[in-house]
Amino acid sequence: MADRFVIFGVPIDKVTMKKAVDIVENFLLEDRLHIVATPNAEIVMMAQNDDEYKEILNKTDLNVPDGSGVIFASKIYKEELPERVAGFDLMMELIKIASLKHYKIYLLGAKADVVKGAYLNLKSRYQGIDIVGFHDGYFSEIDEEEIINDINEKKTDLLFVALGAPKQEKWIYKNRNKLNAKVAIGVGGSFDVIAGKVTRAPEIYRKLGLEWFYRLMKEPWRYKRMMALPRFAMKVLFSKKSV
Ligand code: UDP
C-alpha cells in the first residue's frame, strides 16, 4: 500500500490515478469486500463533526485524493499527494477496465430515472460492459435486504454507490459483512453526470483546481455545504502555523 497523508484524522493515499486503478484491479482479484472512498476537503470537514464517519474513513482499503483542497493541504504540509484522483474519473477508468475484463458492475443510488439513464448511457458507450443490476438510492431499510441479495446473487464485482457523502460510505460500511462484491466505492453525484442531468466543469476549471467554483455557479444552493472549502483552507493554514 502506498504511503498515506493524514489530514485532520482522515488518511489519504498518495496515489496517482494509475496507481489507484492498479490497486483496485488487485482488489478485484481478492475474494473479499474492499471499500474505496474519495475524500475531498468537504468530506474531511464533515468528518470533523462526525466521529463515526472519521472512523469509517480510517477503515477503508483505499482513499484517493479527490479535490484540489486536499492537494493544497498536502503541499502546505510538505507531504505532497501526487495528483488529484477525482471519484468520477476513477469510476470511468474502472468502467473501462471492467468492460475489457468483463467484471460485473452494479449501480446503486440516485433517482430512479437517473440511475436508469446512467445504465443506458454506459451500455451504449462501452462495448462489453456487464452491468448486472441497478437500483435507485431512495429505498427504506426494509428494502435493503432485497437490494443486497440482488447485488450478491448477480455476483457483482464492482459496486458503485451514489448516495452522496457521508451516506454512501456509511451504507457500505454498515453492510460490509453482507455484501459479497469485491469492491464498493462511493461516487457521489457521478450517476447524475453519466445520465446527463448534471454537467461536469470544463477541463480548464478542473486543471486550475476551480471545479468547486464552476459547481457553485451552476448549483448556487450548495453554497452552504461549500463553505466547508474556505473553512478547510483556513484550518490547514492555522494548524500548520501552530505546528
Ligand atoms: N442520493 C440518493 N439517496 C439519498 C440521497 C442522495 O440516491 O438518500 C443521491 C442523489 O440523488 C445524487 C447523489 O446521491 O445522485 C448525491 O449527489 P451529490 O452531488 O450531493 O453528492 P456529493 O458528490 O456531493 O457527495
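Let me begin with a definition: a charge sits over a ring if NZ of Lys or CZ of Arg is within 6 Å of the ring centre and within 35 degrees of the ring normal. With that in mind, and remembering that what we have here is a predicted model, look at Arg176, whose charged end sits over the ring of Tyr173 at 3.8 Å from the ring's centre. There is another such contact at Phe8, where the charged end of Lys235 sits over the ring, 4.6 Å from its centre.

Over the whole structure, the search finds 6 aromatic pairs. One of them is formed by Phe5 and Tyr77, with 6.1 Å from centre to centre and 55° between the planes, which is a tilted arrangement. Because Phe5 belongs to strand 1 and Tyr77 to the loop between helix 4 and helix 5, this pair ties together parts that are 72 residues apart in sequence. Phe5 has 0% relative accessibility and counts as buried, whereas Tyr77, at 22%, is partly exposed.

Then there are the rings of Phe139 and Trp171, whose centres are 6.0 Å apart and whose planes stand at 70°, so this pair is edge-to-face. Here too distant parts of the chain are linked, since Phe139 lies in the loop between strand 6 and helix 7, and Trp171 lies in helix 8, 32 residues apart. Both count as buried, Phe139 with a relative accessible area of 16% and Trp171 at 6%.

Now to the charged side chains. How many salt bridges does a search of the whole structure find? The search finds 23, and I will go through a few of them. Glu25 forms one with Lys101, in which the closest N and O atoms are 2.8 Å apart. Glu25 lies in helix 1, residues 17-27, and Lys101 in helix 5, residues 87-101, so the pair ties together parts that are 76 residues apart in sequence. Is Glu25 buried or exposed? At 17% relative accessibility, Glu25 counts as buried, because the cut-off for buried is under 20%.

A salt bridge also joins the side chains of Arg84 and Asp66, at 3.4 Å from N to O. Arg84 is in the loop between helix 4 and helix 5, and Asp66 is in the loop between strand 4 and helix 4, 18 residues apart. Arg84 is partly exposed at 28% relative accessibility, while Asp66, at 12%, is buried. These two residues also belong to a network of salt bridges that links Asp66, Arg84, Asp89, Arg200 and Glu211.

Glu203 is partly exposed, with a relative accessible area of 47%, and Lys207 is exposed at 67%.

How values were computed
Residues numbered from 1 in each chain as written. Predicted model: local features only at pLDDT ≥ 70, side-chain atom pairs only at ≥ 80, totals over all residues. Heavy atoms only, no water. Salt bridge = Lys/Arg side-chain N within 4 Å of Asp/Glu carboxyl O. Helix = DSSP H or I, 4+ residues; strand = E, 2+ residues; numbered from the N terminus. Buried < 20%, exposed > 50% of the residue type's maximum accessible area, 1.4 Å probe, protein only. Phe/Tyr/Trp six-rings, centres within 6.5 Å; stacked < 30°, edge-to-face > 60°.
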